[in-house]
Amino acid sequence: MRTRIAMATGFLLLAALTACGGEPEPSEGSTGELADTPDNADEMALAFAECMREHGVDMPDPTFDEEGGADISLPDGVDDETLRAAEEACKEFLPHGGEPPKIDPEVLEALHEYARCMRENGVPDFPDPDENGGFALDGDEFPPDDPTIMAAEEVCRDLMPGTPGDGGPGAGE
């Protein structure tokens, strides 16, 4: 089973990885030199993947989309202990040092509305967000190119906070 961590700008632990460079990558052997800013989030995501490989998780580099989001995939067969140890060792490369930012209660409620909409529009197992606003989505169970998921996403898109033109909580951020 291939695990996929999908990002929704500003809401997931790995969210808001904007693909606009500018900061140099850390030199070999350095740690913590990448500041947690949108200007170098893509470098942080790449450093995270490299660090994970150095700690026994053979994951590919993330891919970036046009909106600046990142898709980070984990390989099949990684045991939980190895994964947890690698994540702990590499959390400095995650936004906020791997700690989720405090989410606005209005935004969290809007994310619950989005999840309900997805379920009502053909994706019955779509999860509610966690307390930090993250959606745990497995790429095998929720393939992003699935026509049913794509259709539900189109119907529910305006409920996702921060979506341009939605006017909802977080819009325009």
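Reader: What covers the buried residues of H4?
Author: Helix H3 (105–120) is part of that cover. Keep in mind that this is a predicted model.

Reader: OK, and which residues of H4 are buried?
Author: Ile149, Ala152 and Cys156, in a helix that runs over residues 147–156. They sit on the same side of H4, because they cover an arc of only 65° around the axis.

Reader: Why would that spacing work?
Author: An α-helix has 3.6 residues a turn, so residues three or four places apart point the same way.

Reader: Which exposed residues does the face turned away carry?
Author: Pro147 and Glu154 are the exposed residues there.

Reader: What caps the N-terminal end of H4?
Author: Aspartate 146 does, with a side-chain oxygen 2.8 Å from the backbone nitrogen of threonine 148.

Reader: Switching to cores. How many residues are in the largest nonpolar one?
Author: There are 17, and among those with the most contacts inside it are Leu111, Met118 and Val123. H3 and H4 are the elements that give two or more residues to this core. The largest share, seven residues, comes from H3. There's also a second, separate core of 14 residues, which includes Met52, Val57, Leu83 and Leu94.

Reader: Are they buried or exposed?
Author: Tyrosine 114 is buried at 6% relative accessible area, and phenylalanine 126 also counts as buried, at 7%. Tyr114 and Phe126 belong to one aromatic cluster with Phe135 and Phe142.

Reader: Now H1. How many of its residues are buried?
Author: Ten of its 14, so to speak mostly covered. Ala41, Phe48 and Met52 are among them.

Reader: What do the buried residues of H1 pack against?
Author: Strand E2 (63–64), strand E3 (70–74) and helix H2 (80–90).

Reader: And how far does H1 reach?
Author: It spans residues 41–54 and reaches 20 Å from its first C-alpha to its last, close to the 20 Å expected. Just after H1, glycine 56 takes a positive phi of about 95°.

How values were computed. Residues are numbered from 1 along each chain as its sequence is written. This is a predicted model: local features need pLDDT of at least 70, side-chain atom pairs count only at pLDDT 80 or more; totals for chains, interfaces and linings use all residues. Side-chain values use heavy atoms; hydrogens and water are left out. Buried means under 20% relative accessible area, exposed over 50%, partly exposed in between (1.4 Å probe, protein chains only). Helices (H or I, at least four residues) and strands (E, at least two) are DSSP runs, numbered from the N terminus. The arc is that of the directions from the helix axis to the C-beta atoms. Contact means heavy atoms within 4.5 Å. A polar contact is a pair of N or O atoms within 3.5 Å; within protein, one must be able to donate a hydrogen and the other to accept it, and residues adjacent in sequence count only if both atoms are side-chain atoms. A nonpolar core is a set of buried Ala, Val, Leu, Ile, Met, Phe, Trp, Tyr and Cys residues joined through side-chain atoms within 4.5 Å. Rings of Phe, Tyr and Trp (its six-membered ring) pair if their centres lie within 6.5 Å; planes under 30 degrees apart count as stacked, over 60 as edge-to-face and the rest as tilted. The expected span of a helix is 1.5 Å times one less than its number of residues.
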